Amino acid sequence: MEMNMQRLATVTLLFGTVLAGTSACTSMAQQSAAPSRGTAHLQQVASFEHQVTGVTVSKDGRIFVNFPRWTEDAPVSVGEVTRDGHIRPYPDDAWNSWRNARKNQMSAGDHFVCVQSVVADAHGNLWVVDPAAPATAAVVQGGPKLVRIDLKTNRVAQVIRFDETVAPQGSYLNDVRISLDGRHAYLTDAGAKGALVVVDLQSGKARRVLHGHPSTQPEKDVVVKADGQELRRPDGRGVEFAADSIALSPDGRTLYWKPLTGRTLYRIRTDALENPRLSEKDLEACVERAAETEPTDGLWIDGQGRLYLSAIEQDAVKVRDGDRITTLVQDKRLRWPDTFSEGPDGTIYVTTSRIQDMNWFKPETGPRLETQLWRIEPGPNGEGPNGKPAGPAGQLQ
């Protein structure tokens with residue numbers, strides 16, 4: 001491995017209301033929320049020389065991150081943060097060798113083109129979401145895919161490729177959650193026409209659902225702000241991302257999602273999503289409004305059912321616990337909190353992708369953007385979210 005590949009990062013390791021109802025669905029009661037504040041703080045885990053989005057921590061504590069090709073031809077797409085402070089291309093150099101300049105010379109189906117998300121499951125796998133749309137522009141033919149890597153062998157074990165019925169031009173597959181039994185994957189599409197994608201992981205068959213449904217589209221009255229100002233490109237375009245945030249309930253029975261450019265959190269029963277015999281009309285009738293929040297990027301639900309939200313406009317992470325919303329940590333260094341993951345000890349990790357600082361919005365920034373990975377630590381009084389005591393390494397008890 002070349003030294004410049006190893007040094008990609010300088011790392012310090014610190015090891016509702018129902019939209020419509022039919023008999024196909026079961027309604028879930030809407031909850032109110034009242035804001036309050038918490039006492040946690042940030043501890044930096046890693047600093048990267050390139051723009052990071054996703055992070056995931058495996059059940060044995062390995063940390064993986066990914067770098068999309070948004071404004072530069074990043075040298076690594078998926079990497080493991082190693083104990084000696086390097087980023088190791090994962091699972092190997094070959095899968096990370098695709099380059100924009102060699103687009104016509106390399107096959108897009110067996111290389112990472114523009115990776116947006118990495119998620120470790122409970123069955124010893126790392127799942128990689130590749131929308132294959134560098135700069136969130138044209139989808140590279142044959143590139144959209146979901147890749148499963150066996151964490152024991154560190155080898156690619158399965159590649160599920162998506163055709164244009166699942167990932168059409170204009171799509172941008174964003175994030176994924178895996179069912180508890182390991183049989184299904186649920187993805188969001190934050191592209192031009194938002195949707196969800198449901199994948200049967202045994203057969204490899206994928207279905208695009210809720211395509212163009214209000215729950216998967218940007219909300220027209222929402223304008224994303226940063227540093228108190230409307231976030232717009234030099235030509236006046238704002239931030240318009242469709243279905244983006246996604247989370248799975250601890251029992252695996254309910255999937256939550258929301259458009260990034262939106263305030264409404266939606267949910268649906270996973271048994272309805274997994275039923276290919278359910279008509280689109282009946283599936284739409286299963287969608288519920290779960291809560292009114294704010295523009296968010298990442299979502300995470302921990303083992304106690306608390307929902308973590310990345311409050312991108314406020315440099316903050318918030319927690320929804322029952323009928324309360326708590327500001328867990330607010331810090332100017334949380335420049336666009338992007339993706340959450342939970343370590344085996346209960347510690348919550350979050351990346352800051354600094355989207356508001358990109359040259360899309362600030363041309364003077366240039367193509368390269370330094371970003372960070374953080375862990376959320378208890379406050380000085382030893383409290384975690386909502387005043388719960390913290391155990392070793394910040395574990396919530």
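**Strands, charges and cores in a predicted model**

Trainee: Which residue in β7 does Asn66 stand opposite?

Mentor: Asn66 stands opposite Val78 in that strand. Please note that this is a predicted model, in which local features need pLDDT of at least 70 and side-chain atom pairs count only at pLDDT 80 or more, while totals for chains, interfaces and linings use all residues. Residues are numbered from 1 along each chain as its sequence is written, and side-chain values use heavy atoms, with hydrogens and water left out.

Trainee: What makes β6 and β7 a pair?

Mentor: Strands are DSSP runs of E with at least two residues, numbered from the N terminus, and two of them pair if DSSP finds at least two bridges between them. β6 (residues 63–66) and β7 have four bridges, in the antiparallel sense, so they meet the definition of a pair. On three bridges, β7 is also joined to β8 (residues 87–89), again antiparallel. In that pairing, Glu80 stands opposite Arg88.

Trainee: Which way do the residues of β7 point?

Mentor: In β7 (residues 78–81), Val78 and Glu80 point one way, whereas Gly79 and Val81 point the other way. All four are buried.

Trainee: Why is Glu80 called buried?

Mentor: Buried means under 20% relative accessible area, exposed means over 50%, and partly exposed lies in between (1.4 Å probe, protein chains only). Glu80 has a relative accessible area of 9%, and is therefore buried.

Trainee: How do you know that Glu80 and Arg62 form a salt bridge?

Mentor: The term requires a side-chain nitrogen of Lys or Arg within 4 Å of a carboxyl oxygen of Asp or Glu. The side chains of Glu80 and Arg62 meet at 2.9 Å, N to O, so the pair qualifies. This pair links distant parts of the chain, with Glu80 in β7 and Arg62 in the loop between β5 (55–57) and β6, 18 residues apart. Arg62 has 17% relative accessibility and therefore counts as buried. The structure holds 20 salt bridges.

Trainee: Why are Asp73 and Arg69 put in separate accessibility classes?

Mentor: Asp73 has 30% relative accessibility, so Asp73 counts as partly exposed. Arg69 has 1%, so Arg69 counts as buried. The two form a salt bridge with their closest N and O atoms 2.5 Å apart.

Trainee: Which residues are linked with Arg335 in a network of salt bridges?

Mentor: The network links Arg335 with Asp227, Arg354, Asp357 and Lys362. Between Asp357 and Arg335, the closest N and O atoms are 2.7 Å apart. Asp357 lies in the loop between β28 and β29, and Arg335 in the loop between β26 (324–330) and β27 (337–342), 22 residues apart. Asp357 counts as buried because its relative accessibility is 6%, and Arg335 because its value is 15%.

Trainee: What makes the approach of Ser353 to Asp338 a polar contact?

Mentor: Such a contact is a pair of N or O atoms within 3.5 Å; within protein, one must be able to donate a hydrogen and the other to accept it, and residues adjacent in sequence count only if both atoms are side-chain atoms. The side chains of Ser353 and Asp338 make this contact at 2.7 Å, so the distance is within the cut-off. Ser353 lies in the loop between β28 (348–352) and β29 (371–377), and Ser353 counts as buried because its relative accessibility is 0%.

Trainee: Which members of the largest nonpolar core touch the most other members?

Mentor: They are Trp70, Val113, Val239, Leu260 and Trp336, among 25 residues. A nonpolar core is a set of buried Ala, Val, Leu, Ile, Met, Phe, Trp, Tyr and Cys residues joined through side-chain atoms within 4.5 Å.
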